[in-house]
Amino acid sequence: MEFNIYESSRDVFLDTVNTKDYIQLDRVSNIYQSLKDSITKPLKMILLYGKPGTGKSMFLTKLHDSLLSSHAAHLYSTPILDESEFFKTLAQDLYGMEYSGELNFTQFMKVVNNKELNGPVIPLILLDEAQLYSSSMMEKIRLLSDTRKVKFIIALHKTEKEDLIAKEHFQTRIWESIKLENASTTELMIYIQKKLMKANCLDTANMFSIKSINLIHKITDGNYRDTNKLMYTLFDIYLHYQQNNPNQINGSQVSNKIIEMSAIHTGLINA
Amino acid sequence: MLNINDLEIRQKNYKLKSYIRYFMIFIILIIISIFAVFLFNYNSVSTVDTNTNILKNKESSLTQDTKIKKQETAEHSNIIKKEITIDKPQEEVIITKEEKLKLFPSLDFIRKIQSSTLNYYEDNTNIQKSVTKKEISIEKKKTIISEASEEKKVVEKPILPIETKNIINIKRKNSNDDIGHVITRFKVNNNPALSLFIAKKYYQLKEYENAYNYALITNEINNNIEASWIIFAKSLVKLKKKDMAIKTLKRYINYSHSSQAKLLLNEILTGKFK
């Protein structure tokens, strides 16, 4: 298959959570290291929060992958909203026990209390999109962390659930609270260029000037998910022009016009 | 699915909207600036006027030196020259006041109080010289004057030139306009003294026909006024009616035995008066 620079560049920005696509930025890597350090501490829960699209899922996935060699870590990317199913999955992951019937919280607590830890390291459960869990479920997760036989890392959006987490009885159990934020202009430039260079799209990586990055940052506010969407559409439009009207594009610099067209198409600009 | 044409149109509209925002801001700024400039100009009309006055005064001050030189050479020779020299220091005082703007109080009230003395201008040339220097203030002038005279005079001297201005104005008004004013007064009260005054003035102005008429009018009102006969005869001579003048004078001499009329008659007959 023939290599097309715009097509390859476009596919780089497909909105998927893949640790291979993880871009190490200075600020994020500092947060990542502090989170790894806090896992070794005798804490019960770690809270990871931020606006949608700030890279929580990617962050959690990356952490999970790196911990697998040293910890018994289990990532729940999609919330298990059924309570019985949640406890059955926990029993399976923590103790290798399979339940065919129902498993309620009381039964699971009995199991947890009866089981001893295999080693000095407490098993780690990483819960993504934890804002989708109900309040009662969160209370049960809190009680489970009180047994000190399982540790939870909870990633959630900044919603009402966060207020619940912030309540006093939760605060006493959360020992580490980490906030993820949108990228700055410089970080966004590094993010875009590193992502493209990782896919050997050096020509398109060099197309981005500070001015065009500023415009992208103005449109997306440094949100990684929005940036990915915008960049995907941007290269899709470039691909369209290349195939239909190649005279209208300049391969040396990203056109602000096409950036704005991408933003209009993705709904980031209301026009 | 990408609809590039639609996207291009929407992008153009978006761009236009964004430009309209800046355009509106630009227009508003221009309107504000125009309004501000208008207000500024409106408020600064008075200051502009004062500036033009200052410029005019500066121009007049440039001619000042030459005038003063004339003044020095004239040295109290005649009244006209005195008037010129009087005008100069008066203007100079105004200039120094305007250049100092509002820092000095108005001395108008002192001018009104003080009585004028022409001797001051004849005697004191120091004041005129000091006035020629633009930057010297009124206070400095006072100190210069105080060196030459007593303290009482110090107050009077810088003010005196202004008072003499009134005298000058009166002299300058001795013109046809003033005769016209006297004529209107004469028409009201029919006073032969006024008509005689008019006749004399017209004679001085070499308007002999008018002088003849008003002398005749005076004579009709009162035929015993010697001066009216004299002016009447003189005007006739000037109007090249010498015979009529001689005839009239002879009649008057027979009637009144006026010595002045006789003298005039002799002068006319001998050809001394033409």
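Tutor: A charge sits over a ring if NZ of Lys or CZ of Arg is within 6 Å of the ring centre and within 35 degrees of the ring normal. Keep in mind that this model is predicted.

Student: Which residue lies over the face of B:Tyr22?

Tutor: B:Arg21 does, at 5.5 Å from the ring centre. In chain B there is also B:Lys238, whose charged end sits over the ring of B:Phe273, 5.1 Å from the centre of that ring.

Student: How do I read a pair of rings?

Tutor: Two values describe a pair of aromatic rings: the distance of the centres and the angle of the planes. Over all chains, the structure holds 17 aromatic pairs. Take A:Tyr6 and A:Tyr238: their ring centres are 5.1 Å apart and their planes are at 25°, so this pair is stacked.

Student: Where in chain A do A:Tyr6 and A:Tyr238 lie?

Tutor: A:Tyr6 is in helix α1 (residues 5-12) and A:Tyr238 in helix α12 (residues 224-244), so the pair links parts of the chain 232 residues apart. Both A:Tyr6 and A:Tyr238 are buried.

Student: What kind of pair do A:Tyr32 and A:Phe59 form?

Tutor: An edge-to-face one, with 5.8 Å centre to centre and 85° between the planes. A:Tyr32 belongs to helix α2 (residues 26-39) and A:Phe59 to helix α3 (residues 56-67), 27 residues apart.

Student: Why does A:Phe59 count as buried?

Tutor: Because its relative accessibility is 1%, and buried means under 20%. A:Tyr32, with a relative accessible area of 7%, is buried too.

Student: Which residues form one aromatic cluster?

Tutor: A:Tyr76, A:Phe86, A:Phe87, A:Phe105, A:Phe108 and A:Tyr133.

Technical notes
Residues are numbered from 1 along each chain as its sequence is written. Chains are lettered from A and ligands numbered from 1 in the order in which they are written. This is a predicted model: local features need pLDDT of at least 70, side-chain atom pairs count only at pLDDT 80 or more; totals for chains, interfaces and linings use all residues. Side-chain values use heavy atoms; hydrogens and water are left out. Rings of Phe, Tyr and Trp (its six-membered ring) pair if their centres lie within 6.5 Å; planes under 30 degrees apart count as stacked, over 60 as edge-to-face and the rest as tilted. Helices (H or I, at least four residues) and strands (E, at least two) are DSSP runs, numbered from the N terminus. Buried means under 20% relative accessible area, exposed over 50%, partly exposed in between (1.4 Å probe, protein chains only).
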